[in-house]
Amino acid sequence: MLKTLSDTRQTWLQWLTLTCSSFTLLAANPLGHGWTAAEEQVRNLKTPEGLEVKLFAAEPQVVNPTDMDIDARGRVWCTEGANYRVWQKWGKLRPGGDRIVILEDTNNDGVADKQTVFYQGEEINAALGICVLGDTVIVSRSPNIFVFTDANHDDRADGPPKVLFTGIKGVDHDHGVHAFVFGPDGKLYFNMGNEGRELHHPDGRLVVDLAGNPVNTDGKHYRQGLAFRCNPDGSQLETIGWNFRNNYELCVDSFGTVWQSDNDDDGNRGVRINYVMEFGNYGYTDELTGASWQEAWKKAVNKGVPDSERPAYHWHLSDPGVVPNLLQTGNGSPTGIALYEGQLLPEVFRNQIIHCDAGPRVVRAYPVEKQGAGYQAKTVDLLTGPDTWFRPSDVCVAPDGSILVADWNDAGVGGHNMADQSLETMTGRIYRVAPKGRPLSVPKLDLSTARGAVAALQSPNQATRYLAWQKLQSLGPKAESALKKLWNDSDPRQRARALHLLARISAKPDRYLSAALQDKNPDIRITALRIERSLNRDTIGAVKNLIKDPDAAVRRECALALRGAKSPEMPALWSQLAQQHDGKDRWYLEALGIAADLRSDDCFKAWQTAVGDRWNTAAGRDIVWRVRSKHAPALLSQLILDKNTSAADRSRYLRSLDFIKGPEKEAALLEVVTSGIQ
């Protein structure tokens with residue numbers, strides 16, 4: 001117990017050092033203010049061999065950059081946070097409200113020499129998200145998500161913004177709504193932390209998602225932080241993940257896989273990176289009661305559970321119905337994230353997540369490898385520095401494949417304070433990371449032809465791909481020939497981008513999707529299945545084609561595609577997938593659970609009929625533990641009462657009963673209680 005208390009004290013000391021030095025230090029940057037001081041800081045930043053970091057912009061061009069995006073012309077758009085937490089003792093520091101600034105390098109020397117204020121207003125104070133999509137700019141700032149337009153291309157907002165969504169809580173709070181990104185399916189993806197709580201239409205009506213659930217976190221359907229997908233006009237919104245703490249930002253790869261960071265309760269070594277398995281619970285609070293993880297942790301400590309287990313308790317990873325984490329990175333304050341699908345950086349960074357963590361002052365990649373139906377990852381640093389004012393807040397990919405990093409630049413990070421409380425000395429920087437000696441460049445953009453648009457679709461820059469997507473979609477079948485060439489490319493990510501469009505514009509999409517469902521690359525098969533779902537096509541038929549796929553991740557997607565299916569064939573198909581569970585793959589198990597949750601009795605019975613007396617295997621016990629069916633309690637009681645069941649497994653099976661309702665559960669509990677088992 002004494003050792004646990006000592007470890008806890010050390011954990012908090014580490015966290016305070018990482019994130020909260022601003023609690024005691026109120027001052028300007030000791031290195032000074034302005035370009036010369038910023039260059040001095042850059043000299044202390046470190047990159048891997050072969051790369052270099054250069055200063056792209058600094059105060060007064062931009063201060064306290066909270067988020068950024070890069071348009072197809074290579075210009076950097078930043079939201080600022082000079083008026084961050086205006087209710088604090090320092091109040092409003094910038095009269096007229098915070099700004100959206102456009103930073104441009106007009107002479108291609110790698111330095112921003114032009115600054116334009118796109119918009120300024122109180123309603124965007126410390127906005128936490130910006131997404132530039134052609135003439136449209138989406139800005140996220142609780143309680144609203146704003147849509148600005150610039151139809152005349154004068155780099156000034158045409159007028160006050162329209163509201164896309166409203167009613168979001170967490171006003172002037174880091175755990176409110178965050179940035180939007182454009183997906184390869186033509187949809188928008190975004191998220192909000194656990195202070196966001198609810199989502200409303202502009203007229204005040206509570207949004208109801210495609211699952212028929214009101215979008216709020218009252219515990220009836222969802223809890224805590226949420227992740228979403230919707231059409232560009234906000235329609236057909238889906239809640240694709242829930243029960244995060246402060247899921248600060250997300251990114252989407254060309255196959256449609258969603259990746260996200262999430263912050264722990266500060267100082268508990270639980271900062272995590274998630275693969276967002278759609279429609280999953282991510283375990284920040286107790287799913288049933290909403291209780292904090294600390295309650296269970298206190299009981300565990302009293303039972304002698306070592307402190308090393310704290311992160312697992314933090315996310316309720318032992319509960320059925322919680323999707324596992326991709327990676328836990330310890331203490332920190334995660335911020336911006338991007339998916340790097342460029343070729344300019346070294347191989348280790350290609351097709352990988354690039355992520356900022358402002359607490360430990362690092363920008364890093366998480367090279368991912370497949371592991372069964374899920375993934376495993378490691379960390380590789382991209383940009384680090386000893387300067388305690390280096391606080392990376394966001395990362396974006398430029399059209400030439402270089403990386404730009406926004407630096408909030410302050411002595412501390414976190415939702416409670418900032419060291420520099422004077423607009424005159426406030427700092428903020430933008431850095432560019434690229435191979436040594438590689439000048440900044442913007443590839444020529446030609447959207448006048450389908451061929452030019454397909455070339456733009458291959459860009460590593462999200463804003464460029466958006467313009468290409470819109471052009472190709474507008475061309476319809478006229479773009480098919482050019483897209484077919486990309487579909488026959490050797491790069492699976494480029495092929496996936498082409499497939500998303502071919503399935504939507506071709507007069508005969510079946511030939512592309514049928515071929516994709518049989519493709520030798522499992523990621524292409526996954527992409528095809530996701531497209532079938534997105535277009536409300538014959539999902540059951542697609543699952544039948546892939547039901548025996550050798551790749552566990554493909555079968556995972558088959559399971560997710562069955563969620564909500566009303567077809568009478570669904571339970572038997574689910575049973576076939578369940579019988580392929582190996583008893584070791586938690587990702588696969590949770591996909592099965594997500595698929596079965598809306599028809600748990602039908603699915604469980606189909607599986608039980610198929611396996612008969614052969615249910616009591618490692619894989620079978622997993623199914624019984626996870627699927628919340630009225631048919632499960634009788635088997636759970638058998639497992640609990642089995643003398644060969646370990647104490648840990650007995651506790652696990654008892655916990656599973658908490659998630660089942662009805663007389664079958666009560667009968668099972670009575671049998672356990674009257675058995676006298678300890």
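Mentor: A cavity is a set of grid points where a 1.4 Å probe fits but cannot get out, and its volume is the space filled by probe spheres set on those points. The model before us is predicted. In it, the second largest cavity has a volume of about 90 Å³.

Trainee: What makes a residue part of the lining of the second largest cavity, and which residues lie nearest its centre?

Mentor: A lining residue has an atom within 4 Å of a cavity point. The second largest cavity has 14 such residues, and those nearest its centre are Ala126, Leu128, Arg141, Asp172 and His173. By class, its lining holds five nonpolar, six polar and three charged residues.

Trainee: How many cavities of 30 Å³ or more does a search of the whole structure find, and how much space lies in the largest cavity?

Mentor: The search finds four, and the largest cavity holds about 420 Å³. Its lining has 34 residues, with Val181, Phe182, Leu339, Gln462 and Arg465 closest to the centre. Elements that each supply at least two lining residues include strand 10 (181-182), strand 19 (334-340) and helix 6 (462-475). The lining divides into 22 nonpolar, four polar and eight charged residues.

Trainee: What makes a space a pocket rather than a cavity, and what is the volume of the second largest pocket?

Mentor: A pocket is an open set of points, whereas the probe cannot get out of a cavity. The second largest pocket has a volume of about 830 Å³. It is lined by 21 residues, of which Ala296, Tyr313, Ser318, Asp319 and Ser651 are the closest to its centre. Helix 3 (293-302), helix 4 (310-314) and helix 18 (647-657) each give two or more residues to this lining, and helix 3 gives the most, with five.

Trainee: Why is the pair of phenylalanine 165 and phenylalanine 190 called stacked?

Mentor: Ring centres must lie within 6.5 Å to pair, and planes under 30 degrees apart count as stacked. Here the centres are 5.9 Å apart and the planes are at 25°, which meets both cut-offs. The pair joins strand 9 (residues 162-165) to strand 11 (residues 188-192), across 25 residues.

Trainee: How do you know whether phenylalanine 165 and phenylalanine 190 are buried or exposed?

Mentor: Buried means under 20% relative accessible area. Phenylalanine 165 stands at 1% and is therefore buried; phenylalanine 190, at 0%, is buried as well.

Trainee: Why is the pair of tyrosine 222 and tryptophan 242 called edge-to-face?

Mentor: Planes over 60 degrees apart count as edge-to-face. The rings of tyrosine 222 and tryptophan 242 have planes at 65° and centres 6.2 Å apart, so the name applies. Tyrosine 222 lies in the loop between strand 11 and strand 12, and tryptophan 242 in strand 13. Both residues are buried.

Trainee: What makes arginine 495 count as sitting over the ring of tryptophan 487?

Mentor: The CZ atom must be within 6 Å of the ring centre and within 35 degrees of the ring normal. For arginine 495 the charged end is 4.3 Å from the centre of the tryptophan 487 ring, over which it sits. Arginine 652 likewise lies over the face of tryptophan 625, at 4.1 Å from the ring centre.

Trainee: Why is helix 8 described as largely enclosed by the rest of the structure?

Mentor: Of its 14 residues, 12 are buried, so the description holds. Arg495 is among these buried residues, as are Leu499 and Ile505.

Conventions:
Residues are numbered from 1 along each chain as its sequence is written. This is a predicted model: local features need pLDDT of at least 70, side-chain atom pairs count only at pLDDT 80 or more; totals for chains, interfaces and linings use all residues. Side-chain values use heavy atoms; hydrogens and water are left out. Rings of Phe, Tyr and Trp (its six-membered ring) pair if their centres lie within 6.5 Å; planes under 30 degrees apart count as stacked, over 60 as edge-to-face and the rest as tilted. Helices (H or I, at least four residues) and strands (E, at least two) are DSSP runs, numbered from the N terminus. Buried means under 20% relative accessible area, exposed over 50%, partly exposed in between (1.4 Å probe, protein chains only). On a 1 Å grid over the protein atoms alone, a cavity is a set of points where a 1.4 Å probe fits but cannot get out, and a pocket is an open set with protein on both sides within 12 Å along at least five of seven lines; lining residues have an atom within 4 Å of a point. Ala, Val, Leu, Ile, Met, Phe, Trp, Tyr, Cys and Pro count as nonpolar, Asp, Glu, Lys and Arg as charged, and the others, Gly among them, as polar.
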